[in-house]
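Me: I would like to learn how to read a structural model one feature at a time, starting with the general idea and then turning to the case in hand. Please take me through it.

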Amino acid sequence: MKAVNTSKTLDALLKQAGNYYPVYRGGLATHLPMVLIALHRLGAANEKLEQVFQMSTDKLTLIENLEETKVIDNVMAHLGQRAQFTAYLQYFKHQLIKDGRQAVLAHFLPLLMPGLAASAFHALIRLAYGIEASNDNEIAIALAYWCAEFQAVEINESTTSETLSAIMARLAPIGAEHSFKPGIIVDRMDEVASLLRQRKAVCMPEKLQFSDVRQFCLRAFYAENDFTLLHTVTGCHAFSLVMPYLTDNEASVKILWRAILVAYLSSGLYYSDTRTYPSKETKEPTTIDFSPIIAQAILSCEPHVIKLVYTCFCEYQQDQDPLYFQLAKRAILGGYD
C-alpha cells in the first residue's frame, strides 16, 4: 500500500462530494467520500477516484444556498432533526476555523457519543475517515451529519456477569422472532430498542473493554455474512480512530456496545458462538498477503467491498487477527449488494 499523504485530486473530489447532502432517498447514506479516502489510502490511481466520483453523484442532492443558512444556535437542542443539517454544517465550519480541529473534536465528541448509532454508524465512520484524511470540511460535514441523524440507544442500564456472547444468545430471539415494519437499518434499530425497554431486558456486562466489543463484532460477522453486521465491523474501526478525542472511554464503549447489540438484534438473526475461528497461533503472519485482495478492491466499484477491505487491512495491521484477512477475502469473492 502506498504512502497515505493526501493528494490534490482527493482533496478536490472531497470538496465536490461535500456539496451533496450525506443522505438520500429517505435516509440512505452516501458512501462516496469514504470510498474516495479508502481507495486513495489503498493506493488507487487518481483516475480510479475520478471514475468513482462520476459514477456516484447522480442519486445525490446538492446543498444549495448554504451561505444563506442560519447557523444553529444550540447544538444540543436540535439533535436528530434532519432538516437542521445545513445549520449544523455552517456551525461546525465556523467552529473549526475559530478553534481548530483538536479543540472541536475534543469538545463535541463526548457530547455526541450517545448518538453514535446515527445513520447506522455512517456518521461515525465518515468522521473517522475525515480525521484520517486530515480534511476539516469532511469533519464539519460528519459532525453536522451526526447531529442531524443523532440516534441514541436508550435501554436498561442494569448489568450482568454474562459475556457479550451469552448476552446476545439470550436476547437474539427478541429480534429473530419479531416482525419488523418496512424500513431501513435505523428504523429496525429503533424498533428493537423499544422492545428491549418494554421487556426491561438486561443488556450490559459488568465489565467491558473495547477489545471485547471489537472481537465480538469480528466473530459475529465472520459467522453470519450479514449486511447489518458488516457495519458493526467498520463501525468499530471508526470508533478506534475517534477514541483519542474522548474523555471517558469506558462510558463511550458502553454506548458502542448498546448500539452494536441493537444493530445485531435488528438483523433478525439468532446467535450462537459455536463456530471454530482461525487464531493468531494457527496461521503464520507470513502466509497472509493482502496485496492481491487490495488490488481487487481497487478494481471494485462496490462501496462496501472497498470500505470493508480497507477496514480489514487497517485492523489487521493493529491486531494481526487472521479473521480480518478471511473477511477481506470473502468480500472480494462475494461482495455486498
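Reply: A helix here is a DSSP run of H or I with at least four residues, and helices are numbered from the N terminus. What you see is a predicted model, and α4 is a helix of this kind, covering residues 85–99. The residue that follows α4 is G100, whose phi is positive, near 90°.

Me: How many residues does α4 have, and what span does it reach from its first C-alpha to its last?

Reply: A helix can be checked against an expected span at 1.5 Å a residue. With 15 residues, α4 reaches 21 Å between its first and last C-alpha atoms, which is close to the expected 21 Å.

Me: Which residues of α4 are buried, and what covers them?

Reply: Burial is read from relative accessible area, with under 20% taken as buried. In α4 the buried residues are F85, T86, A87, Y88, L89, Q90, Y91, F92, Q95 and L96, and their cover includes α5 (101–112) and α7 (136–148).

Me: Why is I141 counted as buried, and which residues does it touch beyond those up to four places away in sequence?

Reply: The cut-off for buried is under 20%, and I141 is buried because its relative accessible area is 1%. I141 sits in helix α7 and, once residues up to four places away are set aside, touches G18, F85, L89 and R126; of these, F85 and L89 are among the buried residues of α4. By contrast, the C-alpha atoms of I141 and K48, which are 93 residues apart along the chain, are separated by 24 Å.

Me: What does the chain as a whole come to in helices and strands, and why is it called as compact as a globular protein of its length?

Reply: The secondary structure comes to 15 helices and four strands. The radius of gyration is 19 Å, close to the 20 Å that the globule rule gives for 337 residues, and therefore the chain is as compact as a globular protein of that length. Buried residues make up 55% of the chain, and, among contacts between residues at least 6 apart in sequence, 78% join residues at least 24 apart.

Definitions and conventions. Residues numbered from 1 in each chain as written. Predicted model: local features only at pLDDT ≥ 70, side-chain atom pairs only at ≥ 80, totals over all residues. Heavy atoms only, no water. Helix = DSSP H or I, 4+ residues; strand = E, 2+ residues; numbered from the N terminus. Rg over C-alpha atoms; globule rule 2.2 N^0.38 Å. Buried < 20%, exposed > 50% of the residue type's maximum accessible area, 1.4 Å probe, protein only. Contact = heavy atoms within 4.5 Å. Expected span 1.5 Å × (residues − 1).
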